[in-house]
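User: I'm new to this kind of thing. Could you walk me through how to read a few features?

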Amino acid sequence: MALSGKNSPSRGTPLEYTRNFGIAAHIDAGKTTTSERILFYAGVIHKTGEVHEGAATTDWMEQEQERGITITSAAISCGWTTADGPFAKIPHRLNVIDTPGHVDFTAEVERSLRVLDGAVAVFCAVAGVQPQSETVWRQMNKYNVPRVAYINKMDRTGADFFNAVKGIREKLRGNAHPLYIPIGAGETFTGLVDLVKGCAYVYDESDPKGMKYAKTDVPADLKADYEKYRESLIEAVSDFDDTIAEKYLEGQEISSDELRVAIRKATLSLDFVGVIPGSSFKNKGVQMVLDAVVDYLPSPLDLPPMKAFKDDGETETGVEPDDNAKPVGLCFKLWSDPYVGQLVFFRLYRGTLKKGDSLYNPRTRKAERVSRLMIMKAMDREEIDTAYSGDICALIGPKEIVTGDTLCAREDDLVLEPPSFPEPVISMSIEPATKADQEKLSIGLQRLAQEDPTFRVSSDQETGQTIISGMGELHLDIIVDRLRREFKVDAKAGRPQISYRETITAPADGEGKFVRQSGGRGQYGHAVIKIEPNPGKGIEVLNEIVGGVIPKEYIKPTIEGIQEAANNGTIAGYPVIDFKAHIVFGSYHEVDSNEMAFRMAGIFALKDAMKKASPILLEPITKVEVVTPEEYQGDIMGDLNRRRGQIQNMETKNGICTIDAFVPLQTMFGYATDVRSLSKGRASYTMEPDHFEQVPANVLKEIVETASRAPARS
C-alpha cells in the first residue's frame with residue numbers, strides 16, 4: 001500500500017496505520033473489561049485487572065475502583081498487527097479511549113466521540129440494546145463516527161447474539177450484519193465462525209487467558225447458518241461496492257480480501273455496522289475486535305476534512321491531516337494532576353507539535369507554550385518529543401485553557417467546532433465544614449468546573465451560599481468525594497434542588513417603558529413586543545422594527561434585555577425556555593435614550609408579556625429502566641406509580657423483568673436505596689434526563705410556595 005506524502009519522514013507509525021477509536025456503551029456492558037483485554041493482547045500489560053476487584057488499568061481513580069464504574073474517560077495507546085487481510089503483518093498504532101457508561105458522566109462520552117475517528121459500540125448479549133445504548137448511539141451519529149458493534153457477555157446464561165443484532169436494527173436503526181457468528185452461547189460458548197474467511201476459531205479451554213485457539217473448518221451444525229449470514233453480509237455490502245455487486249449478481253466466488261475491502265467501504269459510509277460476538281471476561285473474541293478495528297475503522301486520512309472557521313467566525317475552511325502543514329488541534333479535556341499540574345488532553349488534527357513550541361489560542365488571543373508532551377496510558381504516561389497529525393496526546397504548559405479551545409499557528413487563527421454539552425439538571429448548596437476550608441473549597445470547585453463542562457458553580461447573591469449544579473445525584477456525589485480526597489476539603493452538601501423551567505402556552509403582547517428623570521440628562525427606553533410559544537426550539541428574538549422607531553444601535557440592548565429577563569420567569573423565578581419574541585414597536589428620545597434604558601425596556605416588556613401568555617412550569621422527566629427478578633416486579637411498579645411514573649414498556653425474559661418508565665426527576669432522589677430494599681438488593685436501574693413536562697397543579701402550588709419563601713434566584 002503506497003503511503004501518503006502527508007506523513008513526516010520522522011513519524012513512527014504512518015497516518016494510514018493509525019486508528020483513534022473509543023469504546024462506548026450502556027453502563028455494565030463490559031467496556032472497561034474489554035479495554036483491559038485490548039491492553040493485555042496488545043502486550044501493554046502482562047496481567048489483566050478486573051473491574052469487580054477494583055484493579056482495571058483504565059479505572060485508576062479511587063472512586064472508580066471502589067464503585068466498579070468508569071467516571072472519567074481514560075486514553076491508552078497500544079499496537080496491533082493483523083495476521084492476514086489488506087493490512088496483514090503491518091504494525092498499527094491504536095489510540096483507545098474507554099468512556100463511562102453512566103449518564104451522569106455523559107460529557108466524557110460527548111467530548112471523546114468529538115475527537116475520535118471510530119468507535120466500538122459494546123452491547124450485553126443478555127440485555128441487548130438498553131436506554132443508555134441509545135444515547136451513546138445518538139452521540140455517535142451526531143459526530144458521524146463509523147463503528148463496529150461488539151456483543152459482549154456471550155458466556156452469560158440467556159445470551160442471545162441474534163436478538164442483540166435485531167435490537168441494533170430495530171431500536172437504533174443501524175444496518176447491522178454479523179461478521180462472525182458464535183459457536184454456542186452461555187456455558188457452551190466456545191468460539192466464533194468467521195463469515196469473511198469461511199473458517200472457525202475454537203478456543204482452547206485449557207488456556208484461560210484466551211491466547212490459544214484452533215483455526216478449523218465451519219462446524220457441520222453451523223454450516224446452514226454460515227451460508228445464510230454470509231449471503232446476507234455480501235448482499236448488504238454490495239450496495240457499497242460495485243465489484244462485489246457484479247460478482248454477487250453473476251454468482252461468482254468472492255474472495256475474503258474483496259469482501260474485507262467492501263466491508264471497510266460500507267463501514268466508512270456510516271450506513272453499515274459489522275457485529276462481532278465475544279466474552280471479554282472469558283477472553284474470547286477480543287482479538288477479532290482488534291482485527292476489525294484495523295480492517296474496518298478509519299485512519300485519520302479516511303475522514304472528510306475537519307470543519308473550522310477563520311477568525312471572523314463566518315469563513316468556513318477544512319483542516320486535513322498533514323504532518324508538513326502548520327499545527328491545529330482541539331483541547332477536549334482538562335485534568336488536574338497532583339504531580340505535574342494541569343494536563344490538557346489534545347487531538348492534533350494537522351501539523352507537527354514539538355515540546356517547547358508555542359501555539360496561539362484564538363479565544364484568549366494569547367500564545368500558550370507547550371513545555372512537555374505526553375502519550376497517555378491510563379494513569380501511566382510516556383514523555384515524547386514530538387506529536388504528529390492524528391495523535392491524541394497530553395500537553396503540559398498551557399494555562400488559560402477551557403474545554404473546546406482550539407490551539408493553532410498564530411497566522412492561521414482557526415477555530416475548530418467544539419463539542420457541545422447538555423445543561424445541568426440538578427443543583428445543591430455546598431459549604432465547608434470549617435471557615436479555614438473556605439479558600440480550599442473555592443479553589444477545588446474552580447478546578448473541577450474547569451475539567452467538567454457539565455459541572456457549574458455559582459453563588460446565591462441573597463444568601464451568599466455556593467451552589468453546585470450537575471447531571472445527577474451520582475455526579476454531584478463524586479464531586480463532593482473528589483473535593484475531600486484530592487483537595488482535602490471537608491464539605492457539607494445540601495438537599496438536591498431541581499432545575500425547573502418555565503414556558504408560555506399562548507401568544508401575548510408586552511410593553512416595556514423605562515423613564516427616569518433626575519435633573520440633567522434622563523433615561524428613556526420604550527419597546528413593544530409580541531411573544532408566542534416556540535416548542536423545542538429554544539429562545540428566538542426577531543427584530544421587526546420598521547421606520548426606525550427604535551434606532552438600530554438600541555436593538556441589540558433590547559434583545560439582550562429580553563434574553564436577560566428570560567433567566568427569571570414570572571411563576572417561580574425559573575429560566576424561561578421555548579418562546580419566540582418579535583420586537584414590533586417602540587419609541588426613543590433624542591437626548592435621554594441610551595443602551596441601558598433599552599436593555600431595561602426589553603426586560604420590562606418580556607415580564608409584561610409573560611404574565612398574559614398563560615405561563616406554565618415545566619419539570620425534568622427522566623427515562624428510567626429497572627431490571628429486576630420477576631417476583632419483585634409488582635412492588636417496583638407500584639413504587640414507580642407512587643413517584644408519578646408512567647410505565648412505557650415491560651418485558652420479561654428468563655425470569656428477569658425489564659420495566660421502562662418516564663418518572664419526574666423530583667421524585668427520584670434516594671431511589672438507589674429504595675430499589676435495593678424493594679428487591680433485596682437484586683434489582684438494578686439506570687436513569688437519564690429525557691424531556692420537560694408541565695408540573696401538575698398540586699405539585700405546582702408546593703413549588704411556588706417554596707420559591708416565594710426562598711431568596712430570588714440570581
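Analyst: Happy to. Let's begin with the naming: helices and strands are DSSP runs, numbered from the N terminus. Keep in mind that this is a predicted model.

User: Asp84 has a charged side chain, I guess. What links Asp84 to other residues?

Analyst: A network of salt bridges, which ties together Asp84, Lys197, Asp257, Arg260 and Asp295. Asp295 is also among the buried residues of α9.

User: How many residues of helix α9 are buried?

Analyst: In α9 (residues 286-296), 10 of the 11 residues are buried, so the helix is mostly covered. Among them are Val286, Met288, Leu290 and Tyr296.

User: Back to salt bridges. How many are there in the whole structure?

Analyst: A search finds 35. To read one, look for a side-chain nitrogen of Lys or Arg within 4 Å of a carboxyl oxygen of Asp or Glu. In the pair Lys440 and Asp437, the closest N and O atoms are 3.7 Å apart. Lys440 is partly exposed at 36%, while Asp437 is buried at 10%.

User: Why do helices matter when I look for such pairs?

Analyst: An α-helix has 3.6 residues a turn, so residues three or four places apart point the same way. Arg485 and Asp481 are four residues apart in helix α11 (residues 473-486), so about one helical turn separates them. They form a salt bridge, with 3.3 Å between the closest N and O atoms. Arg485 is buried at 18%, and Asp481 is buried at 8%.

User: Which residue forms a salt bridge with Arg642?

Analyst: Asp639 does, with the closest N and O atoms 3.7 Å apart.

User: Last one: which residues gather in a patch of negative charge on the surface?

Analyst: Glu227, Glu231, Glu235 and Asp239 do. Glu231 belongs to helix α6 (residues 223-237), and its 45% relative accessibility makes it partly exposed.

Technical notes: Residues numbered from 1 in each chain as written. Predicted model: local features only at pLDDT ≥ 70, side-chain atom pairs only at ≥ 80, totals over all residues. Heavy atoms only, no water. Patch = residues over 30% accessible without salt bridge, like charges linked within 9 Å, V, L, I, M, F, W, Y side chains within 5 Å. Areas by Shrake-Rupley, 256 points an atom, 1.4 Å probe, with all protein chains shown as cover. Lys, Arg positive; Asp, Glu negative; His and termini not counted. Charge placed at Lys NZ, Arg CZ, Asp CG, Glu CD. Helix = DSSP H or I, 4+ residues; strand = E, 2+ residues; numbered from the N terminus. Buried < 20%, exposed > 50% of the residue type's maximum accessible area, 1.4 Å probe, protein only.
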